[in-house]
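Please look at the sequence and the structure below before reading on. The report that follows goes through the parts of the fold one at a time.

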There are 2 protein chains.
Amino acid sequence: MRELILGADVGGSLVKFMVITPTGETVARGDIRTDPLDAERTLTRLAGAVTGQLSAAQGRLTAAGLACAGIVSARTGRLGRSPNIPGWEGADLSGLLAHAFGGLPGAIANDVNAALIGEHWRGAGRGCDDLVMVALGTGVGGAVLLGGRLITGTNDGAGEIGHMVLEREGPLCSCGNRGCLEAYAGEVGLVRRARDLVSEGGASAALVKLVTTSGADLRAAFREAGLRLGQALAAVINLVDPQRIIVGGGVSLAGELILAASREVIQRGVLAAAARETPVVPAELSTHAAALGAAVLARERKEAA
Amino acid sequence: MRELILGADVGGSLVKFMVITPTGETVARGDIRTDPLDAERTLTRLAGAVTGQLSAAQGRLTAAGLACAGIVSARTGRLGRSPNIPGWEGADLSGLLAHAFGGLPGAIANDVNAALIGEHWRGAGRGCDDLVMVALGTGVGGAVLLGGRLITGTNDGAGEIGHMVLEREGPLCSCGNRGCLEAYAGEVGLVRRARDLVSEGGASAALVKLVTTSGADLRAAFREAGLRLGQALAAVINLVDPQRIIVGGGVSLAGELILAASREVIQRGVLAAAARETPVVPAELSTHAAALGAAVLARERKEAA
């Protein structure tokens, strides 16, 4: 009977999952609703949904990986601060995962770390063992892979590119500081910037105007986000000089509107001449990158066991 | 006969060297003048000076390591951009080192990378395999060690913390950009800042005043440098979350004047709560840290051969 591996990615509203073979063939995929207040119930439902999609003929699960938004500690197995799923903070993810899946070997990871593992295996990072990923969403997350190894940090605090301060007196960020990358290039920052460009009116009126106005002002907002992304990425390159930088998340759908501006700043801001050409590329895997990465991490855990 | 290892550190004016046993006992140390235009001649003189200090009874050299200011490529063996020793740019450091020392196994490294290896072995980084070092001198250099491995980068461009842009419209930096850490916390940036604080007069008059004035204004200049250092270090912690950060270089002799201010900003600017307490400590080895580190790297190279 074929060995199969589950990867799941817990977000604020949905848990996306996929079941793969050890060589990466997709056997099943889908999603269920996240219960924002009950991690245990969500994982039990996940187990039910996965079992429902797998017939005995397809094989049996041998490992399960779980990616989750927020600070995930592989050491303690627990979820720390998690702005998207605050009701899960403190949950024993490793224990709940093992419980829901009958004690299978498991792995847990932050969602952007898992997405980078997915992109490394089958996406925009294939063949590169030194990668940095930035995920531009509601917030801005990041992940660092060096020598093929995820850098999670001494206190599980690595990869927080979104909170690099680019301007000490810059716009207020969700974290309480000013001038973070997230305040410029996250969804909230972008909408505020676009609103400033469009009108001085109230928020609702401005948002209507945003949609109906010509694209010119929105392009300016995306360009400014790209210039700030470039300032942060130049610092990242000056610090760890990766082979490639992968940009994902909803805001990255703006594509070259943002990436071209970021490359301009990298050209000027990176010290080592050869590193000024570091490729900055869009993510290739779509919504299931983190689920795939979680499965890859679970497979590695199983093989190491 | 005892096996001995040479480590040397090439700066703009002096080559510092030390000879150690494999267990780290110092057998000899000293320095010679750097010939700013002739790498080969300098290394030949270095070999003479070292031989002169070693009697046959002490042992024989079995490996030689060379640290050098500037971008050092372990892959090509060559020195790239090097603001302190421009006359050496393009020099085949590996070849010249082997030539001067009769083909001994050798290692080359950037000077801050080597200093971090020295601090890791015998200084402020003992027992920690995840370290970042910042060297506050005329310029501002840096080095990153993760999992016990130096991160030199895809293009030998890693560790350039000094050129993180902290303010897009900030003061001009030696690299041509504005608002780099170096422009705030390097010697040149500090002197300019102190001069601004002291007077609007000409540079010479201001420098005289600097020396004769009460310490109050200089303290403000050091504090501002420390706040900017903290902004950069918070970004470094958010990115790689090391166990400890070591601050060295001439400017760091100001000690707590700078370090205390940097810790304030780290407390506010780091996202993961536990990482806000990342120790920021002064370097422990003095002028020969990079020479010691070069010897350690040479020993590793010899053992791997």
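## An enclosed strand

In this predicted model, six of the six residues of β6(B) are buried, so this strand is largely enclosed by the rest of the structure. Buried here means a relative accessible area under 20%.

In a regular strand the side chains alternate between the two faces of the sheet. Strand β6(B) can be read in this way: Leu131(B), Met133(B) and Ala135(B) point to one side, Val132(B), Val134(B) and Leu136(B) point to the other, and all are buried.

## The neighbours of β6(B)

Strands of a sheet pair through backbone hydrogen bonds, either parallel or antiparallel. Strand β6 (residues 131-136) of chain B runs antiparallel to strand β7 (residues 140-146) of chain B, and six bridges join the two. A hairpin of three residues leads from β6(B) to β7(B). Across this pair, Leu131(B) stands opposite Leu145(B) of β7(B).

With β9(B), strand β6(B) runs parallel, joined by five bridges. Here Met133(B) stands opposite Ile246(B) of β9(B).

## The whole sheet

These strands belong to an open sheet of five strands in chain B, with the order β8-β7-β6-β9-β10 and mixed pairing. Strands β8 (149-150) and β10 (280-282) of chain B are at the edges; each has a single partner strand, so one side of each has no neighbour in the sheet.

Helix α3 (residues 111-122) of chain B packs on the sheet, where it touches β6, β7, β8 and β9 (244-248) of chain B. The direction of α3 makes about 50 degrees with that of β7(B). Helix α8 (residues 256-269) of chain B also packs on the sheet and touches β6, β9 and β10 of chain B. The direction of α8 makes about 170 degrees with that of β10(B).

## A pair of helices

At what angle do helix α1 (residues 39-53) and helix α2 (residues 93-100) of chain B pack? The angle is about 35 degrees, and the axes of α1 and α2 are 9 Å apart. The crossing of α1(B) and α2(B) is right-handed. On the α1(B) side the contact is made by Ala39(B), Glu40(B), Leu43(B), Thr44(B) and Ala47(B). On the α2(B) side it is made by Leu96(B), Leu97(B), His99(B) and Ala100(B).

## Two residues with positive phi

Most residues other than glycine have a negative phi, and most peptide bonds are trans. Asp156(B) has a positive phi, near 55 degrees. Asp156(B) is found in the loop between β8 and α4 (181-185) of chain B, and with a relative accessible area of 14% it is buried.

Asp241(B) also has a positive value of phi, near 50 degrees. Its place is the loop between α7 (216-240) and β9 of chain B. Asp241(B) counts as buried, at 0% relative accessibility.

## The nonpolar core

In soluble globular proteins, nonpolar side chains tend to be buried together. The largest nonpolar core in this model has 78 residues, and Leu136(A), Leu229(A), Leu136(B) and Leu229(B) have the most contacts inside it. Leaving aside residues up to four places away in sequence, Leu229(A) touches Val134(A), Leu136(A), Leu181(A), Val247(A), Ile258(A), Leu259(A) and Ser262(A).

## The two chains

How many degrees of rotation superpose chain B on chain A? The rotation is 180 degrees, with 0.0 Å of shift along its axis, and the RMSD is 0.0 Å. That is the relation of a two-fold axis. The same surface serves both copies, as 100% of the contact residues of chain B recur in chain A.

Terms used. Residues numbered from 1 in each chain as written. Chains lettered and ligands numbered in written order. Predicted model: local features only at pLDDT ≥ 70, side-chain atom pairs only at ≥ 80, totals over all residues. Heavy atoms only, no water. Core = buried A, V, L, I, M, F, W, Y, C linked by side-chain atoms within 4.5 Å. Buried < 20%, exposed > 50% of the residue type's maximum accessible area, 1.4 Å probe, protein only. Contact = heavy atoms within 4.5 Å. Least-squares fit on C-alpha atoms with pLDDT ≥ 70 in both. Pairing = 2+ DSSP bridges. Helix = DSSP H or I, 4+ residues; strand = E, 2+ residues; numbered from the N terminus. Axes fitted to C-alpha atoms, helices over the stretch in contact; angles between N-to-C directions. Left-handed = near helix turned anticlockwise from the far one by under 90°.
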